[in-house]
Amino acid sequence: MINLTVNEQPVTVPEGTTILQAVRAAGVELPTLCFHEGLAPYGACRLCMVSIAAPRHALVASCAYPVEEGLAVETNSPEAVSARRLALEFLLSRCPQSEVIQEMAAQEGVTASRFGTPPPERAEELCVLCGLCVRVCREAIGAAAIGFIGRGMERRVGTPFDIQAATCIGCGACAEICPTKAIKIEDRGNKRILHTWHTTVELHKCPQCGKLFAPEPMAFLGEMFPEIEEQWALCPECRRARTAQQWVEQRFTSPA
Amino acid sequence: MKKLEGPFILVNPERCVGCHTCELACAAAHTTAGTIIGAVLAGERLHRRNWVVQVNSVKLSTQCRQCEDAPCVRVCPTGATYRTETYTAVDQRLCIACRLCTMVCPFGAVHVATTEVAGREKRAAFKCDLCVDRPGGPACVEACPTKALTLKYPTEVIRQATLTAAKQFLGALESQKQLASQ
């Protein structure tokens with residue numbers, strides 16, 4: 001266990017914890033956009049900046065900084081606050097239309113940005129380039145269907161060549177994890193359309209109830225898990241009915 | 001060390017009347033308020049992890065079977081669905097709502113729904129965790145008015161089945177003896 005202080009309040013956390021987790025364990029709130037507990041730290045949004053006073057003086061991204069013995073963390077030091085505000089000003093300048101960013105900025109006392117507004121063709125921009133969608137697709141799902149394209153002002157997220165991503169399984173984790181709801185996914189008819197990724201996948205129909213429930217590319221799971229071969233095609237509801245049916249039959253046909 | 005054995009919840013269809021009390025008890029037990037009314041007043045979301053299913057004219061409740069080598073745990077890309085020695089559960093903070101677990105559960109016992117995790121709204125997977133943090137054990141078992149739900153231990157079930165089979169065998173031997181003497 002590692003002992004540190006957060007705003008002079010002592011906290012004890014296991015080794016390997018990040019400052020952000022320790023701060024939250026101490027009940028202190030810090031805004032984050034690019035952080036997700038299930039993925040590796042990334043440090044892209046710079047919203048979780050804090051000052052450390054000991055053992056050395058520094059301004060660090062708390063989400064990517066592992067705790068060490070005797071660390072003194074200050075979340076509200078003038079430099080930490082101004083670093084967070086600066087990050088929010090940049091974000092506000094990039095995505096003035098994003099309600100999430102507006103709310104976060106207001107909470108930190110930022111109402112306007114000194115860096116202007118985006119050009120008209122990007123006025124509706126919601127993506128903050130936090131990389132969560134790219135990371136969840138690569139790190140967690142293992143599909144790597146999307147990635148960062150371009151550099152500097154041109155940097156954006158997309159599929160290779162901006163066409164249908166061959167490796168996309170249509171799970172929608174990218175849209176679920178997006179903190180600013182920038183990714184548009186729609187189920188229309190028997191298709192799931194991932195508008196932002198120019199990708200369309202077919203939905204699988206339950207042979208029993210006709211409900212469309214899973215993207216067709218997820219069928220590889222049926223091969224990965226041979227034990228669910230019989231149930232694979234069924235939707236969860238029909239699987240429950242099947243389980244219940246089997247149980248009842250077993251119960252009333254087996255002796256005693 | 002003795003290998004710990006995980007129990008699971010099983011329904012007796014002869015006793016289940018399909019009243020859905022288990023679903024309500026499950027939803028209530030997993031809220032901070034602890035009751036349906038309290039959760040509704042506090043604006044908490046209610047999610048049950050079990051379903052009362054109708055098969056022909058029989059109703060019975062279904063839930064997670066607490067598989068030892070659970071597909072949902074093996075498929076989870078972030079380790080949100082995990083297995084301890086005796087049960088499987090979901091750490092919703094780690095969940096990315098990819099729905100792979102719902103696709104591989106043979107019993108359809110996992111579902112994904114919107115909830116509040118650590119102050120943020122997100123979609124996450126839900127499954128029966130046997131109410132491990134609840135002192136009285138699973139809420140559905142306790143709430144079932146007809147005692148249709150019980151917590152079963154596999155080896156105990158097997159022992160019972162073996163006993164029944166042995167008794168049947170003895171019974172058969174008995175009747176054969178009678179047949180032979182006749």
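In β11(A), A:A214 is the bridge partner of A:H204. The model shown in these views is predicted.

**View 1. Strands β10 and β11 of chain A.** Strand β10 (residues 199-205) of chain A runs antiparallel to β11(A), and 3 bridges join the two. The pair A:H204 and A:A214 belongs to this view, with A:A214 on the β11(A) side.

**View 2. The four-stranded sheet of chain A.** The view takes in an open sheet of 4 strands with antiparallel pairing, ordered β8-β9-β10-β11 (chain A). From one strand to the next the twist averages 30 degrees.

**View 3. The hairpin of β1 and β2 in chain A.** Strand β1 (residues 2-6) and strand β2 (residues 9-13) of chain A run antiparallel and are joined by 5 bridges. They form a hairpin in which 2 residues lie between the strands. In the turn, A:N7 has a positive phi of about 50 degrees.

**View 4. The five-stranded sheet of chain A.** This second sheet is open and has mixed pairing, with 5 strands in the order β2-β1-β5-β3-β4 (chain A). Its edge strands, β2 and β4 (58-61) of chain A, each pair on one side only. The average twist from one strand to the next is 35 degrees. β1(A) pairs with strand β5 (residues 71-74) of chain A in the parallel sense, over 3 bridges.

View 5. The domain assignment divides chain A into domain 1 (1-124) and domain 2 (132-242). Their C-alpha centres lie 31 Å apart. Contacts between the domains involve 11 residues of domain 1 of chain A and 8 residues of domain 2 of chain A. The side of domain 1 of chain A that touches domain 2 of chain A consists of 8 nonpolar and 3 polar residues, with no charged residues.

**View 6. The side of chain B that touches chain A.** Between the chains, 30 residues of chain B are in contact with 30 residues of chain A. On the chain B side, the elements giving two or more residues are β2 (51-55), β3 (58-62), α3 (71-75), α4 (100-104) and α6 (154-181) of chain B. Of these, α4(B) gives the most, with 4 residues. By class, this side of chain B has 20 nonpolar, 7 polar and 3 charged residues.

**View 7. Chain B as a whole.** Chain B has 6 helices and 8 strands. Along the sequence they follow the pattern β-α-α-β-β-α-β-β-α-β-β-α-β-α. The C-alpha trace of chain B spans about 80 × 35 × 35 Å along its principal axes. The radius of gyration of chain B is 20 Å, whereas a compact globule of 182 residues would have one near 16 Å. Of the 182 residues in chain B, 35% are buried. Among contacts in chain B with a separation of 6 or more, 57% are between residues 24 or more positions apart.

**View 8. Surroundings of B:P7.** B:P7 is found in the segment before β1 (8-11) of chain B. With its neighbours within four places in sequence left aside, B:P7 is in contact with B:L151, B:K152 and B:Y153. B:Q63 is 56 residues from B:P7 along the chain, and the C-alpha atoms of the two are separated by 13 Å. B:P7 counts as partly exposed because 18 other C-beta atoms lie within 10 Å, while a buried residue would have 20 or more and an exposed one 12 or fewer.

Note on methods
Residues are numbered from 1 along each chain as its sequence is written. Chains are lettered from A and ligands numbered from 1 in the order in which they are written. This is a predicted model: local features need pLDDT of at least 70, side-chain atom pairs count only at pLDDT 80 or more; totals for chains, interfaces and linings use all residues. Two strands pair if DSSP finds at least two bridges between them. Two residues are in contact if their C-beta atoms, placed from the backbone, lie within 7 Å. Ala, Val, Leu, Ile, Met, Phe, Trp, Tyr, Cys and Pro count as nonpolar, Asp, Glu, Lys and Arg as charged, and the others, Gly among them, as polar. The radius of gyration is taken over C-alpha atoms; the globule rule is 2.2 Å times the number of residues to the power 0.38. Axes are lines fitted to C-alpha atoms, for helices over the stretch in contact, and angles run from 0 to 180 degrees between N-to-C directions. Domain bounds come from an automatic or database domain assignment.
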